[in-house]
Amino acid sequence: MTTLTSTPTTRRLGRPAAPAAKPARPRGLAVSRALLWPALATSIVLTQIPFVVTIYYSLQNWNLLRPGDRDFAGLDNYATVLRDGSFLSSLGSTVLITGSSVLLSTLLGLLFAVLLDRSFTGQGAARTLMITPFLVMPAAAALVWKWSILESTTGMANWALGLVGIPPVAWNTDVPIVTIILVLTWQYTPFAMLILLAGLQAQTKDVLEAAAVDGAGAVRTFLAITLPHLRQYVEISVLLASIMLLQVFDPVAIMTRGTGGTKTLSYLLYERAFVGLQVGEAAAYGVMTVLITIVVATVALRTLFKVFSKEGLGR
Amino acid sequence: MMLTTKVRRKAVPAGFAAGALALALTGCAGAGGGGGGTEEGGTVELTLATVNNPQMKDMEELKSAFEEDHPDIKVNFIQMEENDLRDAVTKDVATNGGQYDIVTVGSYEVPIWAENGWLADLTQDLESDAEYDVDDLFEPVRDALTLDDSLYAVPFYGESSMLMYNKELFDEAGLTMPDRPTWQQVADYARQLDSDTVDGICLRGKPGWGEVFAPLTTVVQTFGGTWFDESWDAQVDSPEFTEAVQFYVDLVKDAGEADPVSTGFTECLNNVSQGRSAMWVDATVAAGLLEDPESSDVAGKMGYAHAPVVETEESGWLWSWNLAVPETTQNREAAVEFVKWATSKEYHELVGNELGWSRVPPGARNSTYEIGEYQEAAAAFAPITRDIMLAVNPEQPGVAPQPWTGIQYVTIPEFQDLGNQVSQDLADVFAGRSELGPVLERAQRLAQEAGDAQK
């Protein structure tokens, strides 16, 4: 609290030099602090109590269908989580699926952003169409892919492959990871594209003109000037997409059911809680996930702030 | 600038959705709070929590007929997903809430819930009413809902499984299907009929204890295998279990659907009704859907036979959705009254006359199959469905005796999880990523853990 209001961070964020910024009158400060308390208390109640309850559950031996056998289990659930091996393999799957989807989305997003940055007739319409996949609900998208595109006998994907003489692929059975990455990439490419397009549009034309005058070709200009300019936009888009994709659930539940290395952490948690009905074990998985997320998020958020502060300094 | 507003616009509906979801959740928890109360005029309000299946919606549509006959009883329906229903009832019973007066429960869970003391014993109420005719309910279904000689739920509708085949494709190939085929015959036919355009057979491969393991467990049983022996020792790595699963996987690979992991009931229904599969072993209720000319290209072209066997006489499974009265209800008498009405002969007549004979809940009462109009509406599959429903034996579906009642599942809380995990590993076998041996070794370990919990 104290640090928040008095560190130079606030000043750097460009708050107008209002009297509040000067800590001259401690009484006024006390009032403003007091005013913050209800909000702070609410957010503590809303975020921390469920977490504490989860920790409590994680120490219980509790199967929903055996209510009589509920008792204190100590750290048994955590031992199960670590011994079972599904946590680590799930973590691996999550990283693989998130990583590949984010990478592909960013690359494709960059390509489409560059294409859309040129002015042509129907640019607005094209942009709207390109954004659509991101606006489709994830469950609906997964169903469309399952039934219309990747269905093994009547789907469009196998029909298209058939045109070039490739035998039909049983997508969900034979290449489940590819299937999931395909759907996620389709969905998140527009997201990356939006952010990168904003970056491209923020680029001043003077620099590009100067480069042209100096005789740099299109490729050289792109690699030496545009790409470095886009760096921070890429960072933001990668970061935000990763945060969203880490929670991916719908396509896994609808298409592959966690088979063949597609059991992401959120699907694993769902399974322990709603199929296994092991409330205690599911809670332990949840707590472990939170711990790992905190570590990752701390690193990630630092990066994010670095990006923002660089942007601030640049201007 | 324009771009940021676009991003925001996306964010707002998402926030709305989250808010709406939160509202819906709290609404769910709060709903039904009025149930259990008795109003001033002496009217009893019953709260019925049910899964959202079409037959249950029919029941809601017709409840006014019950309310007219019983002016002092009002029935409120709450439709939920299966998981939400379990959660809601668990909480209600655990906290002695008495929010729900009637619940729908699947046959897998009735004995488990009864064992936990969650369900009221209905034996006396039903047997004392001669008009209700409890013996008319299919005996195997009743057996599955009975624990220690007490009946804890009444079937609303039930099903077994059978073999459905496309007569046109069989005629073209010059093949005839016997009324009681063996799995070996079915496998031969499937391999003969399999071509580039038509799959020889459709069998569920989708992971899940209620998906692939519904048909697969019946195959295991008729091959002489079982999940557990009489002393709850796991038998998953036994030669019979292995042989059955290997047979199933090979059959699907050679002559089955292309993408087994995607394929469950709905997907097979789709394939068969479009004439893209020659055979299908699945729930008897599928026949009603295949014979509906509006949704199926093969209406009138299908033949039906008993589920294929190897060592047993019958190999059909047994499932029912049932009505039960939670122990915690404050309105037991009124609740039992409604349960009896909704599962009575009179209700079946009512559905037939009001909504159409094809919508009569099947597989619950023997007498339903004697109604002329129903026989006509379901001529293609009613007689065989009745035969199978009467013939299956949930107390010993396999070759050896088993310590639980139930066919395509093991009636223990751990089975959902066990079946689910093993079926996910089986997906790797379907895809050729792993061999069956190691998968069943791990399954044996998991099954033994579940079995040890019963000892």
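1. In chain B, the strands S8, S7 and S9 make up an open three-stranded sheet in the order S8-S7-S9, with antiparallel pairing (strands pair if DSSP finds at least two bridges between them). Its edges are strand S8 (279-283) and strand S9 (302-306) of chain B, each of which pairs on one side only. On average, neighbouring strands of this sheet are turned by 30° against each other, direction ignored. The elements named here are DSSP runs numbered from the N terminus, helices being H or I of at least four residues and strands E of at least two.

2. The model is a predicted one, in which local features need pLDDT of at least 70 and side-chain atom pairs count only at pLDDT 80 or more, while totals for chains, interfaces and linings use all residues. Residues are numbered from 1 along each chain as its sequence is written, and chains are lettered from A and ligands numbered from 1 in the order in which they are written.

3. Within the antiparallel sheet, strand S7 (residues 161-166) of chain B and S9(B) pair over five bridges in the antiparallel sense, and Tyr165(B) stands opposite Gly303(B) in S9(B). Helix H11 (residues 265-273) of chain B packs on this sheet, where it touches S7 and S8 of chain B, and its direction makes about 140° with that of S8(B). Angles run from 0 to 180 degrees between N-to-C directions, and axes are lines fitted to C-alpha atoms, for helices over the stretch in contact. Residues are in contact if their C-beta atoms, placed from the backbone, lie within 7 Å.

4. A further open sheet of chain B has five strands in the order S2-S1-S3-S10-S6, and its pairing is mixed. Strand S2 (73-80) and strand S6 (154-159) of chain B are the edge strands, each pairing on one side only, and the twist averages 20° from one strand to the next. Strand S1 (residues 44-51) of chain B pairs with S2(B) in the parallel sense over eight bridges, and the bridge partner of Leu48(B) in S2(B) is Phe77(B).

5. The domain assignment of chain B gives domain 1 (39-159 + 319-377) and domain 2 (161-317 + 400-452), the bounds coming from an automatic or database domain assignment. The centres of domain 1 of chain B and domain 2 of chain B, taken over C-alpha atoms, are separated by 30 Å. Ten residues of domain 1 of chain B are in contact with ten residues of domain 2 of chain B. On the side of domain 1 of chain B that touches domain 2 of chain B, helix H4 (110-115) and helix H6 (139-144) of chain B each supply at least two residues. The residues of that side of domain 1 of chain B divide into six nonpolar, two polar and two charged; Ala, Val, Leu, Ile, Met, Phe, Trp, Tyr, Cys and Pro count as nonpolar, Asp, Glu, Lys and Arg as charged, and the others, Gly among them, as polar.

6. Two packed helices are described by the angle between their axes and the distance between the axes. The axes of helix H8 (residues 183-193) of chain B and helix H10 (residues 239-255) of chain B come within 9 Å and cross at roughly 20°. H8(B) and H10(B) are therefore roughly parallel to each other (angles under 35 degrees count as roughly parallel, over 145 as roughly antiparallel, 65 to 115 as roughly perpendicular and the rest as oblique). H8(B) passes H10(B) in a left-handed crossing, the term applying if the near helix is turned anticlockwise from the far one by less than a right angle, and right-handed if clockwise. Trp183(B), Ala187(B), Ala190(B) and Arg191(B) of H8(B) make the contact with Phe247(B), Leu251(B), Asp254(B) and Ala255(B) of H10(B), and by class this contact has six nonpolar, no polar and two charged residues.

7. Helix H9 (residues 213-222) of chain B also packs with H10(B), the axes coming within 8 Å and crossing at roughly 130°. H9(B) and H10(B) are therefore oblique to each other, and H9(B) passes H10(B) in a right-handed crossing. The contact is made by Leu216(B), Val219(B) and Val220(B) of H9(B) and by Phe241(B), Ala244(B), Val245(B) and Tyr248(B) of H10(B); by class it has seven nonpolar, no polar and no charged residues.

8. Between chain B and chain A, the contact takes 29 residues from each of the two chains. H17(B) gives the most to the side of chain B that touches chain A, with eight residues.
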